[in-house]
Amino acid sequence: MNRCGALLGLVLVAKLLLAPLDVLADSKGQPAGEYRVKAAFLYKFLDFVGLPEKAGEEKVASLCILGKDPFGSFFEAVEGRPVGSSGRVLKVHRLARDASAQELRKCALLFVARSESESVRDVLEKVRKYPVLTVSETSGFVEAGGIINLVVRNRKVRWEVNYDAVEEAGLRLSSQILRNAVRVLRRQED
Amino acid sequence: MRLGTNATPGVAPPVQVSCRKLGLLLSAAALVWAGGGGSALAEAPASSKSDAFPALWGDEDRSSEKGVDLFSKSFDELLQLEIVTSTAGPQESRMAPSTVHVITEEMIQRRGYANLADLLEDIPQIEIQRKAIAEFRDMVTFRGLAGNNRFIVMRDGYRINDAAGSPHSMGHNYPLANVARVEVVLGPASAIYGADAFTGVVNIISKNGEEAEGIKVTGSYGRFNTTENTLEAGVKLFDDVSLALTGSFYYSDEPFLPDFYPDEFSWYTNQYRKDGKARASPFAPPEATVDVPIKPWGPSTLAYFAGARLDAGDFRVGYDRLYDSYTSSGGVRPEFSLYIDEAKWAYTIQSAYARHELRKLDDRLRLLSSISVSTYEVAPESRFANSFCEYGGYNASTGDFSGGFKYQEDLAWLAEERLSYDFARWLSGSLGVTYQDVMGQPKSADLYQQYDPDVPAGLQGHVYPGTRVTDAEGNDLSVPTDFYYFRYQNLGTYLELQSSPWDWLSLTAGGRLDYNTRWGTNMAPRAGLAVTPWEGMWVKALYGEAFLAPSPYYAFNHFGSFYPATDDDGNVTGLQSAFWRVPNPDLEPEKLRTVEVNVSQNFQDMIVVGANGYYTWVRDLISVNENHDELFQGWPVATVQRLVNRGEASAYGATGRVEGIWRPADFTVNPWVSYTWSDGEVAGEPLPFNATHTVKGGLDLAWKGLSLSTRVINRSESLHPVQRDDKGNALAVPGSTVLNLHLRYSRIVAIDRFRVSAWVRFQNLLDSRYEHVTNESDQFTGAPQDPLRVIGGLELQY
């Protein structure tokens, strides 16, 4: 029992000692969190895709997250910031899984979280032929008609692209996105 | 270790004492978390955490708001940025210094895995002998080495099989409801988990309340009056606070085997049901029979699971309770055991944990604190009705039918601190300290009446079977039953370093040192090298050691019975016995070393071709030593068995595996096949419970909401551990081929958030008659297996 008390005491001391360490934080040269990088790419994607203006959404670029949000508060720092040279500012919406088709179609970028993997096809069907850049990180997403699926290759974030879905949505994708895709799906050429 | 026998009257069992201590410790731990975790809770981002063998691979995303503003970086800079790897993906499992199989929620649903045994059965290098063991029903073999106590089962990283190492069943008490994925590690993992991570580790990862948001109810009904039902509910209570609840209930009458295996059950039909006869003993002449009670067929199964998980930022608590009840006559020939409702084995496992994670230095430093407690209790009504316990203590002259009862319980708690640090992008490490306290009462001998956990054992008047005897002079010859108690502590520390100096190379080295008050010190190192010479290609070379604690279950297991000794005139002069298994508290751990090589090539994310080979050495194997003409409790015994550390074993094998996945249009096509060769020796003889050649394969097809999954397992013959032919060779159970099929129609109805799905599952679709290897001399060599089972269900989700 005494040993147990000593052990728990050590835990307490360790936690108190570690508490002030964050002021010394220096992340240069260190690996970054996966979802911080993914969040940054989503922000860039909005600028790299030719997004047509939407009624009532002329001044904002809506980034929607459907399902369980893996990004936490990462977007807080950038919300309201201009998206590239478009003149629009970023607005983040978190949508419940029962979001209506109208809500989904208002999004410039729709991120479908892993928690919605079972209903990916239903979601994509609701925004089919609408100018919504659909992004996910679920295996089979581009085959199901999604536009960009984020993957991790050699510890770096990369993506797969369904080019037919891009055209169907009436979007123009930057060559930088296409060039760095690990796979581009072009069903019409099969 | 403190041991004792025959609990002193008036002294509370040690488990009760320790429960009070545990309450104090939990309070102290709560204060620690409250003090150290307050600031962390406030600053922590909501990231999806993983419980996936955290010490094996490092935790998932560690990002915080502090540090570099990635949004300001250029596109090219982002492209060059390396990330802290996630634990969840297949790429990371390839990097892990182990052979890892990850079964996702999608695969579980599509293939219709209802419980852990169904899932494990499809994994290469794992075999399950179902319904073949009287006490713990299923014998699970990892890489040729059999034993349900030789691997660890965890839920969300916390152990949910008996912490004291008792073997037990793996059925519907481990349901796959509300599960995000299951990770199965083959090979030793004691370098992280300590004792008992001997042949593998299974970790069931559940969904938190936010991931499982909503409610899902599944109800089903099938052949043999079988029903399996689950409830999953998740709710987000506040920002970053969620609650998940999981429940399942299973019941089955089980097949009436005499209808399907009339030859094997001819004794049941012709002698038992008609005349109430059973054979006196497997060691007695066949004509020696005894009268037993005639009762209806009753080997039903009932299992349930209840779990709760509360996530609040970086703090989490969880609770799981599982229960299984099944026949204790499984696999036993009806000549020697009664297939009646009273012959049941039942037990409950409870597990609770609390954990907190502190993250600093832009998440490069993580401190995980956790405390967990678990209990294991065999239900006092558990009993055998076989020849070893006088058929449940049946007295034909009086009609008394009370005997064959067993009891066991233990309580374990574990505190763990793990410090992980990313020194540089190419080097990270983990350092951990664990402290465990385990106490309890090992499995009792056969008892004439149920054990009362609330009364000291010494006051309950238990005596050994066959000793309710008075000699010719009127002396009471009854022998009080010995009850053993154990308590031990284990202090462990582990260190592991992972380095990836280049993209194509990953190195892991580490080890764990344990000091145990029962058996002393153990060191378990491991090392791994993973190379990716080109895109999609992985080569891994691994070395690991492990040790298996000599569980109290084995160290103190004792059973047998006495019968009166008489003089020439038939007067009772004393007691004697034909057989006793006696305890050996001095058992030491079994030790294991494994080397293995894995090669895997991924072609365009569509086809994966892989192969692995392993060689395992085991020393200080615990095996049965048999002596003759000894004394037990002062009376002569003809044959005495005790477990000793004396054997050696080797197991070696290889698996080739091909898996494809295509997703043309709305279709998903997922074929897979593996071939495993497995061989080895134990104490100079071939491995029992082991099929030398095994082919496992399947085809999953999905189109929109419809899915079909077929799975086949083909095994060559397997050898029995103790049954021998006239030449002393182990008897073999013929090989078998079993086909399973699962059909599912998801979202038949989908109105807003309300969805209805339906499924039907066929197990043993071809209605084959086949057998699985048993473990005792009074059993069939091969236990008859279930005929075709069909079950259909509806799933309602909102």
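What share of the contacts in chain B with a separation of 6 or more comes from residues 24 or more positions apart? I looked that up first: 66% of them do, with contact taken as heavy atoms within 4.5 Å.

**Ground rules.** I am working from a predicted model, where local features need pLDDT of at least 70, side-chain atom pairs count only at pLDDT 80 or more, and totals for chains, interfaces and linings use all residues. Residues are numbered from 1 along each chain as its sequence is written, chains are lettered from A and ligands numbered from 1 in the order in which they are written, and side-chain values use heavy atoms, leaving out hydrogens and water.

**Chain B overall.** I find 11 helices and 40 strands in chain B; these are DSSP runs numbered from the N terminus (helices H or I, at least four residues; strands E, at least two). Chain B has 798 residues, and 61% of them count as buried. Buried here means under 20% relative accessible area, exposed over 50%, and partly exposed in between (1.4 Å probe, protein chains only).

**Disulfide.** I searched the whole structure and got 1 disulfide over all chains, the cut-off being cysteine sulfur atoms within 2.5 Å. The partners are A:Cys64 and A:Cys107, with sulfur atoms 2.0 Å apart. They link distant parts of the chain, 43 residues apart: A:Cys64 sits in strand S2 (residues 60-66) of chain A, and A:Cys107 in the loop between helix H3 (101-105) and strand S4 (109-112) of chain A. I read -105° about the S-S bond, a left-handed link. A:Cys64 is buried at 2% relative accessible area, and A:Cys107 is buried at 1%. I also checked B:Cys389, which is buried at 2%.

In chain B I traced an open sheet of 3 strands, ordered S3-S4-S5 with antiparallel pairing; strands pair if DSSP finds at least two bridges between them. Its edge strands, each pairing on one side only, are S3 (126-133) and S5 (145-146) of chain B. S3(B) and S4 (residues 137-142) of chain B share 5 bridges in the antiparallel sense. B:Ile133 stands opposite B:Arg137 in S4(B).

**Helix H9(B).** Which residues of helix H9 (residues 266-275) of chain B are buried? I noted B:Trp267, B:Tyr268 and B:Tyr272. They cover an arc of only 85° around the axis, so they lie on the same side of H9(B); the arc is that of the directions from the helix axis to the C-beta atoms. The buried residues of H9(B) pack against helix H8 (257-260), strand S13 (277-279) and strand S14 (289-291) of chain B. After H9(B) comes B:Gly276, with a positive phi near 65°.

**Aromatics.** B:Tyr268 and B:Tyr272 turn up again in one aromatic cluster, with B:Phe256, B:Phe265, B:Trp297, B:Tyr339 and B:Phe780. My search of the whole structure gave 42 aromatic pairs over all chains. Rings of Phe, Tyr and Trp (its six-membered ring) pair if their centres lie within 6.5 Å; planes under 30 degrees apart are stacked, over 60 edge-to-face, the rest tilted. One of the pairs is B:Tyr464 with B:Trp580: ring centres 5.1 Å apart and planes at 80°, so edge-to-face. B:Tyr464 is in the loop between strand S20 (427-441) and strand S21 (484-502) of chain B, and B:Trp580 in strand S26 (residues 572-581) of chain B, so the pair ties together parts 116 residues apart in sequence. Both B:Tyr464 and B:Trp580 are buried.
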